[in-house]
Amino acid sequence: MTAETHSNPVVQWAKITLLGIGQCVLSGNVISGALILVGVAYSSWQAALWFFAGSLLTSLMAKWMKAPDELIDIGMYGFGGGYVGVLVGTFFMIHVPAAQGELIFLLLMGSILAVPLITTFIGSFASAGISSTALPVITLVWIFMAGFLHSDAVDHSMPAHAAEAAAAA
């Protein structure tokens, strides 16, 4: 890369985003992140878009909240945000009849909540010599799942094909 591309903020944020996606397999490099994104896109282009958006948005939110630059630069915030994006973009899109605006709001809220969770867990556990890479993400996913599964937003009725199978038995 030239010196110009290193100073280009779009290239830098794309790199940080792909590093975050690469952290999902504990690789933390741009090529791994790009390959994971291609693999997700092969399955669902929407999931890949949500994955990328979640990773980018959480990394930007971390920068805005003045999180440690060394964690932002290696993709630790993008790692958590990528999972938030996939959760919002796949599970809630399928199981919760929500408008796109509500899904974007959930992604934004997840990104905002992910930054202090990641910072707190990584800092607290690092002082004890314990790695907590996935713990903040898992905590946030459980918060989202609990909130929505115990709300009226989710249709808890049995799918038609399962109801027909149960009636036939």
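This is a predicted model: local features need pLDDT of at least 70, side-chain atom pairs count only at pLDDT 80 or more; totals for chains, interfaces and linings use all residues.
Figure 1. The protein chain has 169 residues, of which 36% count as buried. Among the contacts in the protein chain with a separation of 6 or more, 63% are accounted for by residues 24 or more positions apart. The accessible surface of the protein chain is about 9500 Å², and 71% of this surface belongs to carbon and sulfur atoms.

**Figure 2. Helix H3, its span and its N-terminal end.** Asn-29 caps the N-terminal end of H3, where a side-chain oxygen of Asn-29 lies 3.1 Å from the backbone nitrogen of Ile-31.

**Figure 3. The buried and exposed sides of helix H3.** Within H3, the residues Ser-32, Gly-33, Ile-36 and Leu-37 are buried. These residues cover an arc of only 135° around the axis, and therefore they lie on the same side of H3. On the other side of H3 are Ile-31, Leu-35, Val-38 and Tyr-42, which are exposed. The cover over the buried residues of H3 includes helix H2, made up of residues 9-22, and helix H4, made up of residues 45-64.

**Figure 4. The aromatic cluster of Phe-51, Phe-79 and Tyr-83.** Ring pairs link Phe-51, Phe-79 and Tyr-83 into a cluster, and the count of aromatic pairs comes to two. In the pair of Phe-79 and Tyr-83, the ring centres are 5.4 Å apart and the ring planes stand at 85°, and because planes over 60 degrees apart count as edge-to-face, this pair is edge-to-face.

**Figure 5. Phe-79 and Tyr-83 in helix H6.** Both residues belong to helix H6, which comprises residues 76-95, and because they are four residues apart in this helix, about one helical turn separates Phe-79 from Tyr-83. How do the two residues stand in accessibility, buried or partly exposed? Phe-79 has a relative accessibility of 5%, and because buried means under 20%, Phe-79 counts as buried. Tyr-83 has a relative accessible area of 32%, and because this value falls between 20% and 50%, Tyr-83 is partly exposed.

Key
Residues are numbered from 1 along each chain as its sequence is written. Side-chain values use heavy atoms; hydrogens and water are left out. Helices (H or I, at least four residues) and strands (E, at least two) are DSSP runs, numbered from the N terminus. The expected span of a helix is 1.5 Å times one less than its number of residues. Buried means under 20% relative accessible area, exposed over 50%, partly exposed in between (1.4 Å probe, protein chains only). The arc is that of the directions from the helix axis to the C-beta atoms. Contact means heavy atoms within 4.5 Å. A polar contact is a pair of N or O atoms within 3.5 Å; within protein, one must be able to donate a hydrogen and the other to accept it, and residues adjacent in sequence count only if both atoms are side-chain atoms. Rings of Phe, Tyr and Trp (its six-membered ring) pair if their centres lie within 6.5 Å; planes under 30 degrees apart count as stacked, over 60 as edge-to-face and the rest as tilted. Accessible areas come from the Shrake-Rupley method with a 1.4 Å probe; for residues, only the protein chains shown count as cover.
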